[in-house]
Amino acid sequence: GADVGEKEVRLNDRCLQVVPPNVVANRAVEVLDLSKNDLTVVPEDFAKMRRLCWLSLAQNKLTSVPRLACSLRVLHLENNRLTALPTGLDHLVALEELHVANNQLSHLEGLQELPQLAVVTAADNCIEALDADALATLPALQNLDVTNNDLRSLPPKLGLLPLKYLGVYGNPIRTIRRPLLQGNTRDLLDYLKARVKP
C-alpha cells in the first residue's frame, strides 16, 4: 500500500482496475508507477497531485487521460488504447518526456507550446500527418519517434527543427527514398529543409 507522505509509489503489475484513493489523496507523491494494470480510467484528482513529476500509466486499458498535474516532467502512456493525447496537455509546462507508443493515435493534436519537451515517442500508432508548425513551438524538442505509423509524407518544415533524432521508418512514405528515411537524421532534415518554400 501507499503510506501518506510517501514520495515514491510503485503499484505496477497488481491487476488494479481502479487507482486506490489513498494514492490520489497523497499530495507528497513525486514518482508514481501504475504500469501493467487493468486501469480503464484515470481519476480527475490526478491534476491536484502538485508534486508529481514522474508518472507511468503504461500497459493499461486507457482510452483517454484527463488533465494531469502541471508539475509532471515524464509521462509514460505506452501500450494503452488512446485515440488522442491527454486533455489540457498545453498546461504541462514542465513536461520533458512524453511516451505514447503503441496506442491508437491518428494525430498528435495538442502537442504544442511545451517549453521543456525534449522527447516524444509515438511509434506504433496510426498517425497520418505531422503538424510542423505546432512542432516548431516546442523549442527543446530533440527526439521525435514516429516509426511505424501511417504517415504518407513529411512536411518540409520539419527540416527546420533542431532535432537530434527523427524516427520515421515503417511509414508508407513514397516521396522520399528509403535509405534517407532509414539513415541519419541530419541527412533527412537537410533533405527536408532544402524543400522548404521561401
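Mentor: From the N terminus on, the elements of this chain run β-α-β-β-β-β-β-α-β-β-α-α. This is a predicted model, where local features need pLDDT of at least 70, side-chain atom pairs count only at pLDDT 80 or more, and totals for chains, interfaces and linings use all residues. Residues are numbered from 1 along each chain as its sequence is written, and side-chain values use heavy atoms, with hydrogens and water left out.

Trainee: How many helices and strands does the chain have, and what makes a run count as one?

Mentor: There are four helices and eight strands.

Trainee: What does the radius of gyration say about the chain?

Mentor: A compact globule of 198 residues would come near 16 Å, and the chain has 18 Å, so the two agree. The radius is taken over C-alpha atoms, and the globule rule is 2.2 Å times the number of residues to the power 0.38. Along the principal axes, the C-alpha atoms fill a box of roughly 55 × 30 × 25 Å.

Trainee: Why is Lys48 called partly exposed?

Mentor: Its relative accessibility is 42%. Buried means under 20% relative accessible area and exposed means over 50%, with partly exposed in between (1.4 Å probe, protein chains only), so Lys48 counts as partly exposed. Asp45, at 34%, is partly exposed too. Over the chain, buried residues make up 50% of the 198 residues.

Trainee: How do you know that Lys48 forms a salt bridge with Asp45?

Mentor: The closest N and O atoms of that pair are 3.3 Å apart. A salt bridge needs a side-chain nitrogen of Lys or Arg within 4 Å of a carboxyl oxygen of Asp or Glu, so Lys48 and Asp45 qualify. The structure holds eight salt bridges, and one network of them links Glu8, Arg10 and Asp33.

Trainee: What makes the salt bridge of Asp133 and Lys157 a tie between parts of the chain?

Mentor: The N to O distance is 3.1 Å. Asp133 lies in helix H2 (residues 132-135) and Lys157 in the loop between strand S7 (143-145) and strand S8 (165-167), so the bridge ties together parts 24 residues apart in sequence. Asp133 is partly exposed at 47%, and so is Lys157 at 41%.

Trainee: Why does the charged end of Arg195 count as sitting over the ring of Tyr191?

Mentor: The distance to the ring centre is 3.6 Å. The rule asks for NZ of Lys or CZ of Arg within 6 Å of the ring centre and within 35 degrees of the ring normal. The charged end of Arg10 also sits over a ring, that of Trp54, at 5.7 Å from its centre.

Trainee: Which residues does Lys61 touch, and where is Lys61 placed?

Mentor: Lys61 is in the loop between S3 and S4. Leaving aside residues up to four places away in sequence, Lys61 touches Asp38, Leu39, Thr40, Asn80 and Arg81, where contact means heavy atoms within 4.5 Å. The C-alpha atoms of Lys61 and Asn80 are separated by 5.1 Å, although these residues are 19 apart along the chain. With a relative accessible area of 33%, Lys61 is partly exposed.

How values were computed:
Helices (H or I, at least four residues) and strands (E, at least two) are DSSP runs, numbered from the N terminus.
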